[in-house]
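Please keep the model open alongside the text while reading.

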Amino acid sequence: MIDGFLKEIANMFDFTRKDACEMMRSFQIEMENGLKGRKSSLKMLPSFVRRPKGNEKGDFLAIDLGGTNMRILAIRLLGQGKIETIGMRRFSLGKEIISKTEDVFFDFIADCVSAFLNEHKLDVFLEVGFTFSFPVIQTSILSGVLVSWTKGFAVKGVEGHDVVTLLDKAFKRKGLENLKLVALANDTVGTLVTQSYINPLCDMGVILGTGTNAAYPERLESITKFKGMWYSEEMIINIEWGGFDKIKMTKYDEQLDKDSENPGGQRMEKMVSGRYLGEIARRIMKEAFEKGLLGSKELKDIFLKPYSLTTEQLSLIASDKNIFNDSGIEGISDKDIRLLKEIGQIVSKRAARIASAAIAAVLTHMDKELKLEHVIAIDGSLFEKYKGFKENMDTMMKEIFPNQADKIHLSLTHDGSGIGAAIIAASLSSH
Ligand code: GLC
């Protein structure tokens, strides 16, 4: 029985080379449409940033906001691709904070910044780079209107508003007069910029964490929807690939989407990113339970409640840690744990393969025949910590490019999202 069920799930979640090639084609069409300002599930947002030279210098503060943890960093850029982190602290953004009103939310951020500055005795004048990892329409490097929240954030009064103004107002309310906001960036842009600062071969930034997305440098002449002023021949584009919707879905994906806070939105993100993988697996486990395939009754409660199984737990199970014993839940049979592990594998394997297909689509958009070497900067817990995720990505890449996969280097870029904002801030004073 269980074997039959697992086989059925594995078939449903199979993402073949053929699926990848089809996806790459429609992904590239959506990219083109997005760049031209036509209807597209890829927003292709101009970032007002180009790749750095590597000689940018100075001390900066970076605020990195976009997942369950906000990070504040004091960064020293030494030039020649050298970066020193003077201080870094994580602040957890609990459910109560991410569903408040705009003023409470931004006051909370300003309070965290204030605590960080006190802790590190930083009372000098500091320029601040703000990484805000949500879809934002920018009209300059220092302004951006939030289109819509993603990843479960639901702070009221921010959609449709300029997030730089909102943060700046909170700084003023909290008397943070020695801070000056100078740059706003997406985490994908920050990650790309950080790796490029170190390695000029880098031409893509990818996030595989709570959410998923990517950025790459585009030739200005191809961004035909862009009517503003820009001083360089290239501009980094924030693809917002989480929104890609030309992709084959299972009934579990459909249901998850329907029940989510943003039905119809972020379809690819819901199949790939950390916020959702645990939930997909939970839905499958719930069905297994209803079909009488699970022995342990204790599991029922866990699998009944939406989002009660996190991707982090799934990842622990993948590494053979017994999360149930650790949380004091006893009596779960090995057989049930094995089923959960297998389902986790199926779901995370598809996620990794879709991520590789998306990377391949962007690479061949930039370099049709893959003539050059490409370094892809990747940050996020899925890529960094989920057992087998990177290997699954590598396998898909080899299937897509049997003879050229060795030209593609997936490179973990830690804290790139925040550090990148500091580099962008520095580059503003150097061009
Ligand atoms: C979501 C956001 C996007 C961000 C990504 C990774 O997809 O919309 O802006 O880059 O998560 O954090």
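This is a predicted model: local features need pLDDT of at least 70, side-chain atom pairs count only at pLDDT 80 or more; totals for chains, interfaces and linings use all residues.

Two strands are said to pair if DSSP finds at least two bridges between them, and in that sense alanine 377 stands opposite serine 411 in β13.

**The ligand and its shell**

- The ligand sits in the largest cavity, where 15 residues surround it, the closest being Lys151, Asn186, Asp187, Glu240 and Glu269.
- By class, the residues of this shell divide into 3 nonpolar, 8 polar and 4 charged.
- Among the elements that contribute to the shell around the ligand are α6 (187–198) and β10 (212–219), each of which supplies at least two residues.

**Polar contacts of the ligand**

- An N or O atom in the side chain of glutamate 240 lies 2.5 Å from an oxygen atom of the ligand, and glutamate 240 is also listed, as Glu240, among the closest residues of the shell.
- Glutamine 266 places a polar side-chain atom 3.3 Å from an oxygen atom of the ligand, whereas phenylalanine 134 has a polar backbone atom that is 3.3 Å from an oxygen atom of the ligand.
- Taken alone the ligand would expose 310 Å², and of that area the protein buries 98%.

**The open sheet**

- Six strands make up an open sheet with mixed pairing, and their order across the sheet is β1-β11-β10-β9-β12-β13.
- The edges of this sheet are formed by β1 (45–46) and β13 (408–412), each of which pairs on one side only.
- Strand β12 (residues 374–379) runs parallel to β13 and is joined to it by 5 bridges, with alanine 377 opposite serine 411 of β13.
- Strand β10 belongs to this open sheet and also supplies at least two residues of the shell around the ligand.

**The hairpins**

- Strand β3 (residues 69–79) and strand β4 (residues 82–92) run antiparallel and are joined by 10 bridges; within this pairing, leucine 73 has methionine 88 in β4 as its bridge partner.
- A hairpin is formed by β3 and β4 with 2 residues between them, and glutamine 80, which lies in the turn, has a positive phi of about 45°.
- Strand β6 (residues 136–140) pairs with strand β7 (residues 143–146) in the antiparallel sense over 4 bridges, and the bridge partner of serine 140 is serine 143 in β7.
- A hairpin is likewise formed by β6 and β7, with 2 residues between these strands.

Notes
Residues are numbered from 1 along each chain as its sequence is written. Side-chain values use heavy atoms; hydrogens and water are left out. A residue is near a molecule or strand if one of its heavy atoms lies within 4 Å of it. A polar contact is a pair of N or O atoms within 3.5 Å; within protein, one must be able to donate a hydrogen and the other to accept it, and residues adjacent in sequence count only if both atoms are side-chain atoms. Accessible areas come from the Shrake-Rupley method with a 1.4 Å probe; for residues, only the protein chains shown count as cover. On a 1 Å grid over the protein atoms alone, a cavity is a set of points where a 1.4 Å probe fits but cannot get out, and a pocket is an open set with protein on both sides within 12 Å along at least five of seven lines; lining residues have an atom within 4 Å of a point. A molecule sits in a cavity or pocket if more than half of its atoms lie within 2 Å of its grid points. Ala, Val, Leu, Ile, Met, Phe, Trp, Tyr, Cys and Pro count as nonpolar, Asp, Glu, Lys and Arg as charged, and the others, Gly among them, as polar.
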